[in-house]
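Here is a short report on a protein model, written for someone meeting it for the first time. Take a look at the sequence and the fold, then read on.

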Amino acid sequence: MTALPPAVFLMGPTASGKTAAAIHLVESGLPVELISVDSALVFRDMDVGTAKPSADELARAPHHLIDIISPEENYSAGQFRDDALRLMAEITARGKIPVLVGGTMLYYNTLQHGIHDLPQGDAALRAELEAEAARFGWPHLHARLAALDPETAARLKPTDSQRIERAIEICLLAGRPMSAILAEPGCAPLPYRLLKIALEPSERAVLHERIAQRFDLMLARGLEDEVQVLRAKYSLSLDLPSMRCVGYRQMWEYLDGNCDREEMRYRGIVATRQLCKRQLTWLRGMDDVERIDCLADDVPQQIAARIRALS
């Protein structure tokens, strides 16, 4: 293992201070380059609602894989893996340590363990499932998934339409549960000596307060104007991954008149807390992780010390 080049996963839930810590690593003089691991930061022109690093921050500490596609496009975990592996090799060749920073846990999992050979989407089957859901409701489809794949159904809410639909689709097309496919080895081990750091809160309530404050700051900085500009500039809908991002969906619904501003704010904060909970659940299931209290005063210094110990 010691012969392998080092790489760092800097993970954590939303509002845990990952970006600030990563910028500190660069500015402290450590030989690192940053790779964003964030399914929202890949989109151009989506700055306010994604809490994207500012132009000044990116000038001081460049991040790979930010602003790489249009909000009209899709970017898969498999594409991320290909891009990240290429960038990691290039960074290592420059004599630096790749630091992968962000909160999209699926991307980390896919990078480390590979991507499984899941069936491609079937438009006709999806149309049938959506018609069934329209007639009987998504809890009915969730019950159907429980019969096909109890393990997957147990971790999905009965209203999680997108994931329920995909899980049933995979079960029917592959002829076996999605959970069984995902339990199989995905690929050869990642050829790096990994340092996996998780920024986790010692007090969840403090992180929840940070989330509310950050959402209010997004509103003050012009999230409404940003979404209006996006709707005018691009051909978008709520079915696209970009507009399913937390904050953007809620603002879209507000602009369509489906809720008032206070309700939009409430929904945005609740959705962000739910995202935080999912991220922490992912982190709890990961092994070989060094955990740091994201509420500590010396988080960047603790991370830097662990990276220095790699060499």
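## Helix α3 and its neighbours

The buried residues of α3 pack against several elements. Four are strands: β1 (6-11), β2 (32-36), β3 (63-64) and β4 (97-102). The other partner is helix α4 (105-113). This is a predicted model.

Which residues of α3 are buried? They are Ala 77, Gly 78, Phe 80, Arg 81, Asp 83, Ala 84, Leu 87, Met 88 and Ile 91. In an α-helix, residues three or four places apart point the same way, because each turn takes 3.6 residues.

Helix α3 covers residues 77-93, which is 17 residues. At 1.5 Å a residue it should span 24 Å. After α3 comes Gly 95. Its phi is positive, near 80°.

## Two helix pairs

Two packed helices are described by the angle between their axes and the distance between the axes. Take α4 and α13 to begin with. Helix α13 runs over residues 261-284. It packs with α4 at an angle of about 25°, and the axes are 10 Å apart. Angles under 35 degrees count as roughly parallel, so α4 and α13 are roughly parallel to each other. From α4, Met 105, Leu 106 and Asn 109 take part. They meet Gln 279, Trp 282 and Leu 283 of α13. The contact has four nonpolar residues, two polar and no charged.

Now turn to α11 (residues 223-233) and α12 (residues 248-255). Their axes are 10 Å apart, at an angle of about 80°. That makes α11 roughly perpendicular to α12. On the α11 side, the contact holds Leu 223, Glu 224, Glu 226, Val 227, Gln 228, Leu 230 and Arg 231. On the α12 side are Tyr 248, Met 251, Trp 252, Tyr 254 and Leu 255. This contact divides into eight nonpolar residues, one polar and three charged.

## Cysteines without bonds

How many disulfides does the structure hold? It holds zero. Cys 259 is in no disulfide. The nearest cysteine sulfur belongs to Cys 245, 17 Å away. Cys 259 is buried, because its relative accessible area is 12%, and the cut-off for buried is under 20%.

A disulfide needs the two sulfur atoms within 2.5 Å.

Key: Residues are numbered from 1 along each chain as its sequence is written. This is a predicted model: local features need pLDDT of at least 70, side-chain atom pairs count only at pLDDT 80 or more; totals for chains, interfaces and linings use all residues. Side-chain values use heavy atoms; hydrogens and water are left out. Helices (H or I, at least four residues) and strands (E, at least two) are DSSP runs, numbered from the N terminus. The expected span of a helix is 1.5 Å times one less than its number of residues. Buried means under 20% relative accessible area, exposed over 50%, partly exposed in between (1.4 Å probe, protein chains only). Contact means heavy atoms within 4.5 Å. Axes are lines fitted to C-alpha atoms, for helices over the stretch in contact, and angles run from 0 to 180 degrees between N-to-C directions. Angles under 35 degrees count as roughly parallel, over 145 as roughly antiparallel, 65 to 115 as roughly perpendicular and the rest as oblique. Ala, Val, Leu, Ile, Met, Phe, Trp, Tyr, Cys and Pro count as nonpolar, Asp, Glu, Lys and Arg as charged, and the others, Gly among them, as polar.
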